[in-house]
Amino acid sequence: MVKKYSEYKQLDLTAIGEQVLKNWEDNNTFEESLKLRQGKTPYVFYEGPPSANGQPGIHHVMARAIKDIFCRYKSQKGFYVTRKAGWDTHGLPVELGVEKNLGITKEDIGTKISVDDYNKACKEEVMKYKDMWDRLTKLMGYWVDLENPYITFKNEYIETLWYLLGELYKKGYLYKGYTIQPFSPAAGTGLSSHELNMPGCYKDVKDTTCVAIFKVKAEQPNMKSCPFGLNDIKPEDCSVLAWTTTPWTLPSNTALCVGPNIEYVLVKTFNPYSGAPINVILGKPLLNSFFPEKNSELSFEDYKFGDKEIPFKVLASCKGKDLIGLEYEQLLPWVNPGEGAFRVIGGDFVTTEDGTGIVHIAPTFGADDDRVAKQSGVPPLVMFDKEGKRQPMVDRSGKFFKIEDLDEEFVKNNINTDAYKAFAGKFVKNAYDKNLTEKDMSLDVEIAIALKEEGKAFKIEKHTHNYPHCWRTDKPILYYPMDSWFIRTTAVKERMIGLNKTINWKPEATGSGRFGNWLENLVDWNLSRSRYWGTPLPIWRTEDGLEEICISSVEQLRNEIDKSIEAGFMSENKYASKDYESFDLHRPYIDNVYLVSKEGKKMTRETDLIDVWFDSGAMPYAQHHYPFDINKEQLQQSFPADFIAEGVDQTRGWFFTLHAIGTLVFDSIAFKNVVSNGLVLDKNGNKMSKRLGNGVDPFETIGKYGPDATRWYMISNSQPWENLKFDIEGVDEIRRKLFGTLYNTYSFFALYANIDGFAYKEENIKNEERAEIDRWILSELNSLIENVDNSYADYEPTRAARAIQNFVDEYLSNWYVRLCRRRFWKGEYSSDKISAYQTLYTCLETLSRLMAPISPFFADRLFTDLNNVSGRFSVNSVHLTDFPESDKAIIDKALEERMQLAQKICSMVLSLRKRNNLKVRQPLQKIMIPATNPEMEKQILAVRDLILSEVNIKEIEFLSQENNVLVKKIKPNFKQLGAKLGSKMKHVAGVLSAFTQEQISEIENNGSIFVEIESENIELSISDVEIVTQDIPGWVVMNEGVLTVALDTTVTESLRKECIARELVNRIQNIRKEQNFEVTDNIIVEIEYNSLLEEALAEHQDYIMGETLTKELSLVKHGDISIIMGDQNTEPISKIDIIEGIELDINIRKV
RNA sequence: AGUCUCGUAGCUCAGUUGGUUAGAGCACUACACUGAUAAUGUAGGGGUCGGCGGUUCAAAUCCGCCCGAGACUACCA
């Protein structure tokens, strides 16, 4: 039995999704697609691991569609594309989720709940929505190996991380330092920026602020001359003004920071609190906020201490960079910070919005401060506690260190006890001191007063500013130096920048801009996190910090523990077994491991966990348990990645950590191509959020519109890296426009191919023997293949999708199928008909292969529906076929151009008909086209028949340009003339627009013409201008660009008869349809007599009968039709209206 | 605050190296077609190309500033 093409009642993309998914599962199609390519060149893809502790959203469909598209595409291109899934399982959100579920806080860990149970809860929490993720992955058609994912909490995974850290340690890239982090003395804990960004944390508070006077030193070893160019002023008579909202940090000041490009002034005035004459330096833009303009006229001689208005005089000005290096005396000489302090340094972040334009730098209490101080080699002000540890001036409870808590030696050598003792032990914020209230005098005030008394304060006032508070205690936080482990990324900064330039970023700007800038401003990677649920830092230290070890494998750990047992620091080795299921590398188990140092001292693990970004950045190696399960050669099979894709928010996340670890450990990029996709917003452009309830449920969308429409919409609507405004109506539009059209085209094909038994068994008809329109659509198809192939290869899925859409709608459906319809149902099974079938079949089959990466389900259905009959491919899925190859020999650009010309002409004629009320069914005699050149005439002639039949016209007449009935219009060829004439362009344009018909003829005939512009003769050649026909008197005319079409609107008697014949055909077809005849049924027709109809029949009877499969056609007198009503065969009489105002009876029955 | 991206019709988007009527689809209105028919075509309205300034004979396009949206990084005297 001949197989039939499946025909469907209607398009149901959801059902297609489900059925095709089932086929894939039944046939293991994904595995097959891999097997098929085994041994071929690998195309390496890395899955950026999602965290399954949150539900997947529609944006995940977006990100995963992009990943899937290129993996499928490359697979079709013959590469071996393995795709290992992964799960990101560590991190704060997991901890917070667990705490919320169990109703506990961090403090309860170890008391209300054992750390053991806590970790168990984390493992469960992190996989909470795994099933949902797996379901979405399958439903949306994302092919990734879910059976063997890498999971970041597995011991094997962690072991690879330790190995990598060990490598970094060996290279000296791992070190302990400190960073300035938000710290809550009230809660005694550091805070993450995440916690700081919780609503309500930033509050307006009123604090005492102080502008301090920093006296310039007499000796200036760094300055060759006075930066202000003044010789008569001694340095020691000058001072620098700096403002602070936290006067308690002033004793820790070690530098002052100016903006290199900001202008500064030296101002002569008096100290408002002492009346002493001084010269102060401050930012010029801020001059008047300290010195009202009017006071510049006050007399210095008349000033008396206590006067409200203080005179001032600007002596000179200079740039900030000129001040760099200026040394000053320590403001509050309590503690000696050592060499290099008390200098003016430069920093980009300095503004002149408030303050003095000069920033007081206390490196221990500000992140910016710390950074610029390090850059300039300025030391922080630190003290040493009893244990010999470096400490800032403030301890962890928020007070200045008590002298008795400090190292005696240090106190003796570096502390001015007399000055410091008055302040030691005081809390820097009253909120930290149980014995104080906000009404009591704050340390800020005390210090400000002390400065005032010493003549070192210029302005003291209350100031309201926004300051972060601890979300748990509601008390202000401090920025505080905290111990941290770092990776010295700055050591390979240049290398990272260099390697980044070899990465293909989509879009390019993210790579060079956002990522590039990030690398330019690279700082060392702070690895430390004070948490529970994460990868532990594998470093053990002796208590004095003099000896340490970095463990880089479980085996090493095992051996070290054995040594430790021998030394008596441990009693048993819980890591003795080689079974990775038998132990756990997480806290708290690992914290119970104590090792022994070379000197025989006990070593304790550094309690920090590492940044979870290290987990994901290490996935290229850890997913394969490198180097324990695979060696370096094997690693190179899957490193670096050819392609990764993730949201643009990963720039500083995953993209960075992949790149950093790749560079640090392997001196290599980690990925060659990266697509960073934008956000998915709601249809109004707002971010989707639970709070707003504007999120789109991916299951609902896929359930309603099917996975293909959803994917296609997301990819085609905007470039992946732009934000997508997700509008469900758009998905429906894709369903209708693209899949609906394609479905209709397929249905059309299937209908007739089934009738004719076309199964693509015949030899391919040679291209040159095919009809013009066949050659055209095949040319367009091959152009499309090339275009789509290039777009995918360039990681431009949107371009590919749009090109396919355009082809399906504009070319295939709206032109090829429309014009070729009758070739499919009319006539014998001739070679022309076979050519039509082969052509349409080829288009559909090729489309299925082109669109397979984007709409994998529909494409597969289309492919298998076709292939089940033709058996052209031996595989049972489009995803097992190769990507189509463009046949250059079939591409005929001239043909494509002239078909476009034909389409344009048709559209113009239809428009003319419309305007003149001449329906298409009314045949008309001719159209006239002025041929601009012989080439154009030739092109049109080649497609003449298509045009004529499409617009129902008998002939085309070409008018030569010399024809003087044409009314023409001339305008300059701007691009060419503009370059030539420059500023005279405007004049010439004006002159040309005023050209008479005679002048236009002159330039046409002579090839050039002289025009006078500003009494200068300029020669214009014919190529400098564009001449178009504007009108043909007596005709209805339309023009578009260079093309002009005129229509002969005369309806002759003969044309009218022909129209009647066509009307009749139309009515008969309608009735056939109404009565549900098969398209192949032959019929007998009887119509009521009418003289006009009779005349029309006389000429067109054969045509009418042929079109409608009528075997007998007769005209019957009015009333006679009813006579045969008694016949069983009879169908009811219908009324038709083919001639204006006359209704005729008609009867149609099957033969 | 800094860095980056984006801003074109009611909506979603095109718009080549600057070149003169700024395009397409959707939606809306009218008409047509009817052997693809729960499809299709044609026509129409609708734009200070975010704003201002500059370069140029010529700017949606190049430059500067500003406004708006978003992301990331910060939160600071």
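Me: Helices are DSSP runs of H or I with at least four residues, and strands are DSSP runs of E with at least two. In which loop is P588 found?

Reply: In this predicted model, P588 sits in the loop between α17 (554-567) and β22 (594-596).

Me: What kind of peptide bond joins R587 and P588, and what is its omega?

Reply: R587 and P588 are joined by a cis peptide bond, with omega about 5°. Most peptide bonds are trans. A cis bond also joins K506 and P507, where omega is about -5°. P507 lies in the loop between β17 (504-506) and α16 (508-520).

Me: What is phi of N952, and where is the residue?

Reply: Phi of N952 is near 60°, a positive value in a residue other than glycine. Most residues other than glycine have a negative phi. N952 is in the loop between α30 (944-951) and β30 (953-959).

Me: Why is α28 called roughly perpendicular to α29?

Reply: Helix α28 (residues 893-915) and helix α29 (residues 934-942) pack at about 80°, their axes 9 Å apart. Roughly perpendicular covers 65 to 115 degrees, so α28 is roughly perpendicular to α29. A894, E897, R898, L901 and I905 of α28 make the contact with M936, Q939, I940 and A942 of α29.

Me: What makes 2 of the residues in the contact of α28 with α29 charged?

Reply: Asp, Glu, Lys and Arg count as charged, so E897 and R898 are in that class. The contact also has 6 nonpolar residues and 1 polar.

Me: Why is α26 called oblique to α27?

Reply: Helix α26 (residues 831-851) packs against helix α27 (residues 856-870) at about 140°, with the axes 8 Å apart. Roughly antiparallel needs an angle over 145 degrees and roughly perpendicular stops at 115, so α26 is oblique to α27. The crossing of these two helices, α26 and α27, is left-handed.

Me: Which residues of α26 and α27 meet?

Reply: Y841, L844, E845, S848 and M851 of α26 meet F858, A859, L862, F863, L866, N867 and S870 of α27. By class, this contact of α26 with α27 has 8 nonpolar, 3 polar and 1 charged residues.

Me: How do α15 and α21 pack?

Reply: Helix α15 (residues 493-500) and helix α21 (residues 651-666) pack at about 115°, with 10 Å between their axes. The crossing of α15 with α21 is right-handed. R495, M496, L499 and N500 of α15 contact F656, H659, A660 and T663 of α21. These residues divide into 4 nonpolar, 3 polar and 1 charged.

Me: How do you know that K725 makes a polar contact with RNA strand B?

Reply: A side-chain N or O atom of K725 is 3.2 Å from a phosphate oxygen of RNA strand B. The cut-off is 3.5 Å, so the pair counts as a polar contact. For E733, a side-chain N or O atom is 3.0 Å from a sugar or linking oxygen of RNA strand B. For R802, a polar side-chain atom lies 2.9 Å from a sugar or linking oxygen of RNA strand B.

Me: Which residues come nearest to RNA strand B, and which helix gives the largest share of the surface near it?

Reply: Helix α25 (residues 797-825) gives the largest share, 7 residues. By class, the surface near RNA strand B has 18 nonpolar, 22 polar and 21 charged residues. Of the RNA strand B atoms within 4 Å of the protein, 59% belong to sugar or phosphate and the rest to bases.

Definitions and conventions:
Residues are numbered from 1 along each chain as its sequence is written. Chains are lettered from A and ligands numbered from 1 in the order in which they are written. This is a predicted model: local features need pLDDT of at least 70, side-chain atom pairs count only at pLDDT 80 or more; totals for chains, interfaces and linings use all residues. Side-chain values use heavy atoms; hydrogens and water are left out. A residue is near a molecule or strand if one of its heavy atoms lies within 4 Å of it. A polar contact is a pair of N or O atoms within 3.5 Å; within protein, one must be able to donate a hydrogen and the other to accept it, and residues adjacent in sequence count only if both atoms are side-chain atoms. Axes are lines fitted to C-alpha atoms, for helices over the stretch in contact, and angles run from 0 to 180 degrees between N-to-C directions. Angles under 35 degrees count as roughly parallel, over 145 as roughly antiparallel, 65 to 115 as roughly perpendicular and the rest as oblique. A crossing is left-handed if the near helix is turned anticlockwise from the far one by less than a right angle, and right-handed if clockwise. Contact means heavy atoms within 4.5 Å.
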